[in-house]
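I am opening a notebook on a structure that is new to me. I will write down what I looked up, one topic at a time.

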Amino acid sequence: MKIRKHISKAIIVLTILMMFYTVPVSASNYKDTVFEFYFKTALGGSTTTELREKQDDSSAYMKCEKTVFPYTALVVASHSVYDEYYNVSDGHIYTFDSGTVHKMINYAYENNFKYAAIYAKRVYSYNYSANGLWSPDSI
């Protein structure tokens, strides 16, 4: 009988402790940020989003809401906001048109880069713009 009482008390204590135990969770940087690209012929027709912190090994996310002509994009990364950009896409290049959404494979986090951005290049040799949403991590 005493053993049952001790086991019951132990179960109650463990249950109470488990209610207060929290597991640390790393929140990825998946909040969408607006981007506005303007592909100028004089500048070679390429541009990048701003750098954002890369917090996990998930794909980057980009949604093109509106563009006149398509553009291609890939993920680049940097060790700091002052460092140069490195291509971390491992050959994964995506084409965007109005309404296109891609989770963009990249290896920024795995290669210990702290920041990521999306590099975009126009498909046609005209000046044109594109806009939408992006994030360095995805759900």
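I first note that accessible areas come from the Shrake-Rupley method with a 1.4 Å probe, and that for residues only the protein chains shown count as cover. On that basis I find that the protein exposes about 9,000 Å², of which carbon and sulfur atoms supply 58%.

I keep in mind that this is a predicted model, in which local features need pLDDT of at least 70 and side-chain atom pairs count only at pLDDT 80 or more, while totals for chains, interfaces and linings use all residues. Residues are numbered from 1 along each chain as its sequence is written, and side-chain values use heavy atoms, with hydrogens and water left out.

Next, the elements. I looked up helices (DSSP runs of H or I, at least four residues) and strands (runs of E, at least two), numbered from the N terminus, and the protein has 1 helix and 10 strands.

Then burial and contacts. Taking buried as under 20% relative accessible area, exposed as over 50% and partly exposed as in between, with a 1.4 Å probe and protein chains only, I find that buried residues make up 35% of the 139 residues. With contact meaning heavy atoms within 4.5 Å, residues 24 or more positions apart account for 78% of the contacts with a separation of 6 or more.

How many salt bridges does a search of the whole structure find? With the term meaning a side-chain nitrogen of Lys or Arg within 4 Å of a carboxyl oxygen of Asp or Glu, the search finds 1. K54 pairs with D137, the closest N and O atoms being 2.7 Å apart. K54 lies in the loop between β3 (52–53) and β4 (60–67) and D137 in the segment after β10 (128–135), so the pair ties together parts that are 83 residues apart in sequence. Both K54 and D137 are buried.

I also looked at S28, which lies in the loop between α1 (2–20) and β1 (33–39). S28 counts as buried because its relative accessibility is 15%. Leaving aside neighbours within four places in sequence, S28 is in contact with Q55, D56, D137 and S138.

Last, I looked up M104, and, not counting residues up to four places away in sequence, M104 touches S59, A60, M62, A73, L74, V75, Y94, F96 and I118.
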